[in-house]
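Welcome to a short tour of this protein.

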Amino acid sequence: MAVDEKKKALLNWLDENAADFFRMADQIWENPEISWEEVFASGLQADYLESEGFSITRNPAGMRTAFIAEWGTGKPVLAFIGEYDALPGLSQVNEPVKKAVVEGGPGHGCGHHILGVASVAAAAATRKWLEANNISGTVRYYGTPAEEMGGGKVFMAREGLFSDLDAALTYHPSFINMPSKASTVAVVSSSFRFNGKSSHAGGAPHLGRSALDAVELMNVGANYLREHVLDGTRIHYVITNGGQAANIVPETAEVDYILRAEKLDYLLDVADRLRNIAKGAALMTDTTFEETIKSGYASMVSNHAIADLMYQALEEIGPIQYTNDELAFAQQINDTFEATNSGYIEQRIDTLKLGKQAADTLRAHSDKPLLSANFQAIDEGIVYKGATDVGDLSQVVPTGALETVCFPTCSPGHSWVNTACGGMSIGHKGLVHAAKALALTAAVLYTDKKTLEKVREEFEEQMDGKTYTPLIPEEMCPPQ
Ligand SMILES: [Zn+2]
């Protein structure tokens with residue numbers, strides 16, 4: 001598919017400025033900051049966008065490492081979404097062998113340094129393009145902290161900071177160039193603390209009210225609940241305080257629960273039923289309890305119309321071209337693990353539960369350690385078991401999700417492999433590929449009213465009149 005002249009300028013600008021974005025990503029990679037501590041990364045990106053003419057809102061929703069950059073006026077309002085948090089313990093040099101820069105230190109094992117900068121690049125390119133072509137509309141970049149642990153987007157969604165968006169374009173580094181039509185589970189993590197009365201377990205048990213009994217009865221109730229929930233629902237618990245000595249009736253006891261479900265509204269329902277079980281356990285044992293919700297991510301509602309536009313954009317750009325050195329680098333990493341190149345593809349087919357057509361499409365590219373081709377979404381109808389705060393965004397605004405190749409086919413997700421490849425040219429190529437596809441997708445949404453309407457209609461249909469309820473309580477604040 002030929003790219004028209006107008007769009008070519010968008011792609012050219014990204015090629016001409018690519019070195020700046022690679023440098024920005026490298027700087028963030030060299031200074032990995034874990035969730036809520038991304039002072040350097042958020043500052044670097046905000047300063048850059050400010051220098052490019054964006055107005056910056058700092059500390060939105062009370063988060064010191066969040067910011068919103070905005071340029072332009074009026075409708076449509078489109079957003080690129082960035083993350084920049086690293087993972088603890090995944091420090092790694094940019095070489096194809098496992099070796100930490102700082103033993104036990106953090107590292108970009110999920111590629112969020114590329115994620116954020118690709119979206120910054122797309123925002124800057126789109127802004128230039130709108131101006132050059134005199135197209136009206138507003139472009140935003142949301143710098144969202146703590147995707148890995150806490151979920152900055154959840155707090156932003158709760159504050160209504162996404163509410164006036166017409167669409168949001170998200171991106172994540174991956175082993176494949178593909179828009180996603182998958183969903184992710186909703187998850188909530190909470191702690192139940194029961195309070196009873198301590199007494200001598202032998203001498204005066206009749207005076208005691210055991211908080212541990214309440215915890216145990218709650219767990220029994222939860223285990224019976226398991227049978228009467230939809231497939232795909234998960235209930236995990238661990239007792240974090242069961243008392244101190246067997247001869248003391250425990251005055252306090254605590255249990256942590258994590259609930260997962262495929263849909264947000266269903267998760268809210270299961271959470272209510274679990275709360276009733278806690279009430280029942282307290283009633284049975286003459287104790288009281290309080291629940292503290294620690295975090296909660298909504299399920300992902302992916303917009304297929306945007307995914308189709310993203311695929312069109314990928315096709316306009318063409319495949320990623322790798323050098324022999326890059327292929328050798330990736331091959332050396334693939335060889336570190338037990339499977340062959342085609343073995344890794346078979347594992348992907350298996351985990352994604354792909355149908356024959358999608359599986360054969362992937363198999364056709366299984367000889368190399370890096371998938372250079374672009375793929376149509378092959379994950380439609382799939383619910384990934386991992387949760388992300390992109391879910392909360394997707395509950396309030398039509399959200400597209402793109403992936404590009406930054407890691408070899410063996411990549412086991414959060415790992416040293418991702419840190420290594422994200423710190424060299426394989427990551428850079430995935431970054432610019434993503435920025436181009438995101439910007440081209442936005443260009444269509446800014447100029448094609450009908451497509452934007454289709455995107456909105458699909459969203460309305462998916463939400464079916466439901467409004468977003470955040471899983472975190474109103475009084476919960478992001479950590480400072
Ligand atoms: Zn990630």
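## Two residues with positive phi

Lys 353 sits in the loop between helix 9 (341-352) and helix 10 (356-363). In this predicted model, Lys 353 has a positive phi of about 50 degrees, although it is not a glycine. Is this residue buried or exposed? Lys 353 is exposed, and its relative accessible area is 71%.

You can find another such residue at Asn 134, in the loop between helix 3 and strand 4 (137-143). Asn 134 is not a glycine, yet its phi is positive, at about 55 degrees. With a relative accessible area of 72%, Asn 134 is exposed.

## A cis peptide bond

Now look at the loop between strand 2 (67-73) and strand 3, where Pro 76 lies. The peptide bond that joins Lys 75 and Pro 76 is cis, and its omega is about -10 degrees.

## A pocket between two domains

Which two domains give residues to the lining of the second largest pocket? Domain 1 (5-184 + 299-463) and domain 2 (186-297) both do, so the pocket lies between them. The volume of this second largest pocket is about 410 Å³.

The lining of the second largest pocket is made up of 22 residues, and those nearest the pocket centre are Lys 263, Ser 299, Met 300, Val 301 and Gln 462. By type, the lining residues divide into 8 nonpolar, 9 polar and 5 charged. Two helices, helix 6 (264-285) and helix 14 (449-463), each supply at least two residues of this lining. Helix 6 provides the largest share, with 3 residues.

## Helix 6, from end to end

Several residues of helix 6 are buried, among them Leu 264, Tyr 266, Leu 267, Val 270, Ala 271 and Leu 274. Further along helix 6, the buried residues include Ile 277, Ala 278, Ala 281, Ala 282 and Thr 285. If you look down the axis of helix 6, its buried residues fall within an arc of 165 degrees, so they line one face of the helix.

Helix 5 covers residues 211-225, which makes 15 residues. From its first C-alpha to its last, helix 5 reaches 21 Å, close to the 21 Å expected at 1.5 Å a residue. Which residues of helix 5 are buried? They are Ala 211, Ala 214, Val 215, Met 218, Asn 219, Ala 222 and Leu 225. Seen down the axis of helix 5, these buried residues fall within an arc of 135 degrees, so they line one face of the helix.

Helix 13 (residues 425-447) has 23 residues, which should span 33 Å at 1.5 Å a residue. The end C-alpha atoms of helix 13 are 33 Å apart, in agreement with that value. Helix 13 is mostly covered, with 20 of its 23 residues buried.

Start with Asp 15 in helix 1 (residues 5-30). Asp 15 is partly exposed, at a relative accessible area of 42%. The C-alpha atom of Asp 15 is separated by 29 Å from that of Ser 366, and the two residues are 351 residues apart along the chain.

Next, find Ala 46 in helix 2 (residues 39-51). Its relative accessibility is 2%, so Ala 46 counts as buried. Between the C-alpha atoms of Ala 46 and Ala 66 there are 9.3 Å, with the two residues 20 residues apart along the chain. Finally, Gly 111 belongs to the loop between strand 3 (77-82) and helix 3 (112-132). Gly 111 is buried, and its relative accessible area is 0%. Gly 111 and Val 39 are 72 residues apart along the chain, and 17 Å separates their C-alpha atoms.

How values were computed. Residues are numbered from 1 along each chain as its sequence is written. This is a predicted model: local features need pLDDT of at least 70, side-chain atom pairs count only at pLDDT 80 or more; totals for chains, interfaces and linings use all residues. Side-chain values use heavy atoms; hydrogens and water are left out. On a 1 Å grid over the protein atoms alone, a cavity is a set of points where a 1.4 Å probe fits but cannot get out, and a pocket is an open set with protein on both sides within 12 Å along at least five of seven lines; lining residues have an atom within 4 Å of a point. Grid points are joined across faces, edges and corners, and a volume is the space filled by probe spheres set on the points. Helices (H or I, at least four residues) and strands (E, at least two) are DSSP runs, numbered from the N terminus. Ala, Val, Leu, Ile, Met, Phe, Trp, Tyr, Cys and Pro count as nonpolar, Asp, Glu, Lys and Arg as charged, and the others, Gly among them, as polar. Domain bounds come from an automatic or database domain assignment. The expected span of a helix is 1.5 Å times one less than its number of residues. Buried means under 20% relative accessible area, exposed over 50%, partly exposed in between (1.4 Å probe, protein chains only). The arc is that of the directions from the helix axis to the C-beta atoms.
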